[in-house]
Amino acid sequence: MPNDQPTSFIDRTLSNLRQAWSGLSDSTRYMITGLPRPELPEEDLERVHQQMEDCLTVRSDEVSARARAAGLGRTYLALDPTGQLRFLKLLAENYSVDREAVDQAMDAVRSAKDDDARRKAEAKLRRTLEPRWRRLLKRFTTLPEGVKFLVDMRVVMLEHARSEPAIRALSDDLQDMLSAWFDVGLLELKQITWESPAAILEKLIAYEAVHEIRSWDDLKNRLDSDRRCFAYFHPAMPDEPLIFVEVALLPEMAANVHDILDADAPKGDVSAATTAIFYSISNAQKGLVGISFGNFLIKRVVEVLQHDFPNLKKFATLSPIPGLSRWSAKTFEEDGFELTNAERKALAQIVEGETDGAMLSEALGRTKWFEDEHLAAALKGPVTRLAARYLYGDRRPDGKAKDPVAHFHLSNGARMERLNWLGDTSKKGLAQAHGMMINYLYRLSDIETNSGAYSASGKIAVSSSVKPLVRD
């Protein structure tokens, strides 16, 4: 698969937007003298400001309102990153809440003489608290692919939210709007197969975030008869997966991802499968960060699989541990991990180091250390315990797991079932977790209890095989 594949289809998406809106906006796009320059210099900014004002002008003509919104959208799409930042700052700083009007509305609430007057004053206050940018953003939802336009616009907002407080407020408010529009009750679960439209398959390749899809043959293998792929879609974005999960139907719980992804391996017998392994869950729309679909997706997919394959008894993940290597590097530097005497002796025969952390750091820094039989054997115990401590022992200030994947599955009611040594020896797997992977088990009878205990007090459910690794 060419490296520029994701970029090429994203470029086509932008082109489709421009074409979809061209007929709507032709009547207004030349109200200013052509489109602004890509970097949106100061002399062009006022004209864009006027475009925004025109979009908010109340008119009875819906066609004209749509045309103005399309023209403003095309202006934004023509900007480079510098221009987009200036566009968003203009929007965020000039179309927020009118604080003076809010103060007056609050005074009216406080001074209301009776219940009826108070209700009217409260209603006016609610309207006053709505920033003007909401009205402007809602204009885009009436356009073809307008919701997708807003989702992509939020990606740019998120890039600047930390350094630009006004844009952060804009992004947070747009997230609230999107949360309402993307309520799970409005989403449709679909199975993606090799017969799905090519545009959907292409996006699956581009959006896969856990295990890169390297070719069309690789994708076909993941959609074979002993595999399943499901995605959520929204009616306003029917050709854009929001989140998708890849599933392998196996006779037992998987310990490494290479067997699952091996395109040359014989096809599995689905009738003999007892375990469904969720080996990749990818959020496809960065602009929907903060809006959770994953917990609903897993539960719905379990329901579908149970219906289609009554012989399935176990539902588990084969998950990465993306923060382990970064956390362990800091732990080694601080000499915060202690080897047993036997582990220290075994490693000392192979690597040098004055401290336990130095020896582990030197060993794991060697190229293809996992192919050295003796070195790998010496590292298995320490690195497995290290992973257990990271996932279970060291917590965030709120008592929850530091690892984002762990937090996701534990919040959804899974339990830590098994740590897998050398579960992913790809370049990415070694870089992020020293090759370690973990199975999270979704036991249907325990999901609600586990989820409640973790949410309330940070209690993590662990299996009998993991429990000895997490004892102090």
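**View 1. The crossing of helices α16 and α17 is left-handed in this predicted model.** The axes of α16 (residues 356–364) and α17 come within 11 Å and cross at roughly 125°, an angle that makes α16 oblique to α17. On the α16 side the contact is made by L360, A363 and L364, and on the α17 side by L375, L379, P382 and V383. Sorted by class, this contact has seven nonpolar residues, with no polar and no charged ones.

**View 2. The surroundings of L347.** When its neighbours within four places in sequence are left aside, L347 is in contact with L339, M359, L360, A363, L375, A378 and L379.

**View 3. The largest nonpolar core has 105 residues.** Those with the most contacts inside this core are F87, F182, L305, I321, L347 and L379. Helix α17 (residues 373–393) supplies the largest share of the core, namely ten residues. Another core, of 14 residues, lies apart from it and includes I192, I205, Y207 and I213. In soluble globular proteins, nonpolar side chains tend to be buried together.

**View 4. Helices α3 and α8 meet in a left-handed crossing.** The axes of α3 (residues 62–77) and α8 (residues 146–160) come within 12 Å and cross at roughly 40°, and the two helices are therefore oblique to each other. In this contact G73, Y76 and L77 of α3 meet F149, M153 and V156 of α8, and by class the residues are five nonpolar, one polar and none charged.

Notes: Residues numbered from 1 in each chain as written. Predicted model: local features only at pLDDT ≥ 70, side-chain atom pairs only at ≥ 80, totals over all residues. Heavy atoms only, no water. Core = buried A, V, L, I, M, F, W, Y, C linked by side-chain atoms within 4.5 Å. Buried < 20%, exposed > 50% of the residue type's maximum accessible area, 1.4 Å probe, protein only. Helix = DSSP H or I, 4+ residues; strand = E, 2+ residues; numbered from the N terminus. Contact = heavy atoms within 4.5 Å. Axes fitted to C-alpha atoms, helices over the stretch in contact; angles between N-to-C directions. Parallel < 35°, antiparallel > 145°, perpendicular 65-115°, else oblique. Left-handed = near helix turned anticlockwise from the far one by under 90°. Nonpolar A, V, L, I, M, F, W, Y, C, P; charged D, E, K, R; others polar.
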